[in-house]
Amino acid sequence: MDYLGAIQTVFTPNCLLCIVLGVLVGLVVGTLPGLTSVMAVSLITPLTFKMDPVNGFGMLLGVYNSAIFSGGISAIAINTPGTPASIATTFDGFTLSKNGRAGFALGVNTIYSVMGGIFSTIVLMIACKPLAGLALKFGSAEYFWLALFGLSMMISISHTSLAKGLIVGFAGLALSTVGLDPLLGLKRYVGNNVSLLDGITFIPVMIGLFGIGEMLSQIFDNEKNRSKDDVAVVKDSVFPSKKEHERMTLPALIGSVIGVVVGIIPGTGGDISALVSWDVCKRVSKHPDEYGHGSIEGLAATCASNNASIGGALTTALALGIPGDSSTAVLLGALTMYGMVTGPTLLTKSGDFVGRLYIIMLVANIFILPLGLLLARGCIKLLSVKSQYIQMAVLLICCIGAYSLNRSYTDVIIMFIFGIVGFFFRKFDYPLGPLVLGLLLGEMCETNLRRTLMLSKGNPVRLFTNPISIILIVLIIIAIGWPFIGKLRKKK
């Protein structure tokens with residue numbers, strides 16, 4: 001992999017400008033509660049298709065990294081996480097803010113989020129190629145089990161109800177069959193609509209679910225505007241002292257390691273990794289009583305873990321083609337739109353491009369450090385903006401993004417349909433993640449199952465003969481059975 005060439009490509013004015021713009025957009029989106037990183041990446045993706053792929057992904061990865069970090073700004077200032085990954089940041093960050101240390105807490109959030117992001121990027125650079133090399137030994141049977149392993153994550157991300165998660169997941173699988181048959185080229189469920197021959201486009205679905213759906217939910221919930229008096233005022237320094245850094249370094253390192261490990265597991269994310277990191281660091285700390293009451297160790301651990309999960313999720317996504325979380329699912333969809341084949345062959349066929357993604361990740365985190373420290377005060381002022389203005393702006397961007405993808409009104413209609421679906425899913429507490437997994441992995445699962453059965457003349461034994469297949473089957477059983485084992489242990 002030519003890292004010198006990757007550095008030269010990334011350090012061009014256009015690419016650096018795209019990364020900075022992405023970081024700034026992520027700062028705004030992450031700070032405002034309700035505008036998640038998934039929504040931001042979904043909205044920006046269609047706007048990048050006319051760009052050079054490196055510049056486009058520079059913007060997307062800038063948004064992704066920055067939105068996860070900046071979710072901690074509102075968590076610290078008003079006790080409301082800007083993104084789900086910042087839930088654990090409220091445990092200690094808001095208490096520090098109430099005690100007059102809002103600036104210090106914002107500084108910790110910025111510095112240790114960057115630390116976790118850089119750590120996870122280094123892990124991504126080291127682990128991605130060996131993992132993809134192993135996956136290159138896969139045949140159609142192994143790819144089927146790999147896709148099924150990704151689909152088994154429906155259970156782990158169905159937090160509210162397993163039954164609801166499975167219903168949504170199978171709906172996603174059904175949607176993946178729309179279009180031309182991948183092996184026979186026959187029409188399936190398209191009627192007379194020519195624009196559906198390529199299937200239901202992934203990006204309008206994502207924009208509808210996470211953009212339109214969220215905005216409709218906020219509009220109908222009629223959320224009250226937050227007054228300026230409820231927002232923290234930053235008066236102290238944003239830089240921790242040397243002694244405070246010494247206390248926070250080990251918890252941040254633990255949080256970074258946990259963030260990467262949890263991020264690698266498909267279906268998890270920064271919210272889970274941060275909660276696990278906070279709990280583990282509390283158990284090993286010399287000051288466990290401070291946790292939940294303004295602990296600087298707890299804050300550092302959760303902030304580092306949030307962004308460390310990004311590198312872990314991208315490792316799984318780039319090496320195996322399985323999205324580690326919803327944001328990486330959108331990024332994989334963007335790679336497909338750019339004409340690249342996602343999965344293990346991505347590193348061999350587009351190795352130079354992947355090398356540039358590594359450098360972009362590092363550069364994006366480096367940009368977050370000064371911009372985050374300088375603009376944290378300004379971002380807090382965004383919290384007093386009327387929600388109606390934000391909602392209308394997001395709805396407008398959604399429409400532009402869906403149409404600009406293929407300049408097709410069908411995509412806009414699909415976006416609004418799934419926006420309504422996303423609204424009702426939120427209303428009746430149905431998870432969105434399983435639908436994303438089903439739509440993204442459904443074709444991979446179906447195609448490789450049918451190809452394996454065709455090669456073996458209908459004999460299903462071929463699916464179970466390879467050692468890699470057996471390992472994946474065991475992982476699937478563990479993934480499906482683990483939540484039930486946890487419930488049994490909890491009852492005991």
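Two residues are taken to be in contact when heavy atoms of each lie within 4.5 Å. This criterion is applied throughout the following description of the structure, which is a predicted model.

The secondary structure of the chain consists of 19 helices and two strands. The chain has 492 residues, and buried residues account for 57% of them. Its accessible surface amounts to about 21,100 Å², with 66% of that area belonging to carbon and sulfur atoms. When contacts between residues at least 6 apart in sequence are considered, 79% of them join residues at least 24 apart.

The largest nonpolar core of the chain contains 120 residues. Within this core, the residues that touch the most other members are F57, L61 and L318. Apart from neighbours within four places in sequence, F57 is in contact with L331, A334, L335, Y338, F353, L357 and I360. In soluble globular proteins, nonpolar side chains tend to be buried together.

L318 also takes part in a contact between two helices, α12 and α13. Helix α12 spans residues 296-320 and helix α13 spans residues 326-337. Their axes come within 10 Å and cross at roughly 35 degrees, and the crossing is right-handed. On the side of α12, the contact is formed by A313, L314, A317 and L318, while α13 contributes T328, L331, L332 and L335. Classified by type, the residues of this contact comprise seven nonpolar and one polar, with no charged residues. L331 and L335, which belong to the α13 side of the contact, are also among the residues touched by F57.

Two further residues illustrate the surroundings of individual helix positions. M248 is located in helix α10, which covers residues 242-264. M248 has a relative accessibility of 0% and therefore counts as buried. When residues up to four places away in sequence are left out, M248 touches F104, V108, Y112, P240, I296, E297 and A300. Of the residues on this list, I296, E297 and A300 fall within the range of helix α12, residues 296-320. The C-alpha atom of M248 is separated by 8.3 Å from that of G298, a residue 50 positions away along the chain.

T447 is part of helix α18, formed by residues 433-455. The relative accessible area of T447 is 11%; since buried means under 20% relative accessible area, T447 is classed as buried. With residues up to four places away in sequence not counted, T447 touches P182 and L183.

Conventions. Residues are numbered from 1 along each chain as its sequence is written. This is a predicted model: local features need pLDDT of at least 70, side-chain atom pairs count only at pLDDT 80 or more; totals for chains, interfaces and linings use all residues. Side-chain values use heavy atoms; hydrogens and water are left out. Helices (H or I, at least four residues) and strands (E, at least two) are DSSP runs, numbered from the N terminus. Buried means under 20% relative accessible area, exposed over 50%, partly exposed in between (1.4 Å probe, protein chains only). Accessible areas come from the Shrake-Rupley method with a 1.4 Å probe; for residues, only the protein chains shown count as cover. A nonpolar core is a set of buried Ala, Val, Leu, Ile, Met, Phe, Trp, Tyr and Cys residues joined through side-chain atoms within 4.5 Å. Axes are lines fitted to C-alpha atoms, for helices over the stretch in contact, and angles run from 0 to 180 degrees between N-to-C directions. A crossing is left-handed if the near helix is turned anticlockwise from the far one by less than a right angle, and right-handed if clockwise. Ala, Val, Leu, Ile, Met, Phe, Trp, Tyr, Cys and Pro count as nonpolar, Asp, Glu, Lys and Arg as charged, and the others, Gly among them, as polar.
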